[in-house]
Amino acid sequence: MFLAPEIDSIRTRILLSVNKFDHRNRWWGTGRTLLALAYCSVLLLTPMNALLQSVAGVPGPRCEGVRAASALCIGDAGHYNEWRKWTLIAIFLLVASGYRPRVTAILHLWATYSLAVAITLPDGGEAIGLIICGLITPLALADNRRWHWSRPPGPLRSDLASMSLVFAVALRLQLAFVYFDATIAKFGNSTWAEGTAIYYVVHDSGFGDGGPLKSLNLAISATVLGTIVVSWGALAIESAVGTLLVLDRSRKLALMLDLALHVGIALTIGLWSFGLVMIGGAVIASNPDRAYRQNQVPDGKIRKPDAEPVRFSWGNSGFQLSVEPGAHSLKFVMRYRGIRFDIGHAQTIANIEVGESKTFLVSNGWINQHPFKFREIGGV
């Protein structure tokens, strides 16, 4: 049984991650809004006949097989496209507003699917956007707030937290794969491998630089050093974003690099909707996974307990902390290896068995077992 301690340690870390996980904050709301606005920009700024243009003899919309479930295909496909367009815009604007994430989750997924599979001239953002939207749908279904900008009414249930954590990790791994794959694929092209790609991108007559940075990019690409630095620098940023997104303490840095990368691309060759999709996904993936503190009032001050807050007792059963009835706003803060736990809203806050073996926490009826001791216990 030499593996038992390692298994217990892994189990403990998983339980700790679930115990502290809650995605319902402004990171989540902002990322979800950006994803919806990305698709709004496609529909508002691109004529429908361009999105549904016949390509290689295949007319749009594409409605074969499972694509028939698209909003552009239901009913008489190819007709009433303007009505279909404004229906999708209305859905995306509703999602972007943040209203009822649980209710709009499936609508968001369906509207995203409708564009991704049916239009004939996608720019790449639709495909990855559909994957991102699919991965965040369970997180939206776990969010029962009226607005995704508001404070959660209470802690996230443990079963919903477990499900949401799985899909949040899956999103980070998916985005990391996208950036690593993009980096590796570019090395298969001689211009990227040689560090001269930016020169050809800037000077391309069809898709070259026509943005506000054109003069600067032309000047940079006129020098060997500038061309190599920008070309390989883009690859370095992509690989860095892929790496940092999966590291717990580095996700904010990943987001900043991602912003710089996609804003730079958008200012150079466009692809604004693609950039918004990737940035929106990165914002959600960079979420610190902490909800607003439930024991805080809008001005940020901590509420005082409503009654005699706590009694400390020591006995054979361990170290006990009990709250008097009515002290519902009381919270205890426990720290273990820098991790903060807020445990409250129960008459028995915690029953801690002193010793090397076990610690029991009781919070809202959910019992969790951890094979370690807390080093610091205090009430706030």
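I first counted disulfides, taking cysteine sulfur atoms within 2.5 Å as a pair, and the structure holds 1. I note that the model is predicted, so local features need pLDDT of at least 70 and side-chain atom pairs pLDDT 80 or more, while totals for chains, interfaces and linings use all residues. Residues are numbered from 1 along each chain as its sequence is written, and side-chain values use heavy atoms, without hydrogens and water.

I found the bond between cysteine 63 and cysteine 73, with sulfur atoms 2.0 Å apart. Its S-S torsion is about -85 degrees, so I recorded the disulfide as left-handed.

I then checked accessibility (relative accessible area: buried under 20%, exposed over 50%, partly exposed in between; 1.4 Å probe, protein chains only). Cysteine 63 is partly exposed at 23%, whereas cysteine 73 is buried at 7%. I also listed cysteine 40 as buried at 3% and cysteine 133 as buried at 2%.

Next I examined helices α2 (residues 26–45) and α4 (residues 81–97), whose axes come within 8 Å and cross at roughly 160 degrees. Helices here are DSSP runs (H or I, at least four residues), numbered from the N terminus; axes are lines fitted to C-alpha atoms over the stretch in contact, with angles from 0 to 180 degrees between N-to-C directions.

Conventions
Helices (H or I, at least four residues) and strands (E, at least two) are DSSP runs, numbered from the N terminus.
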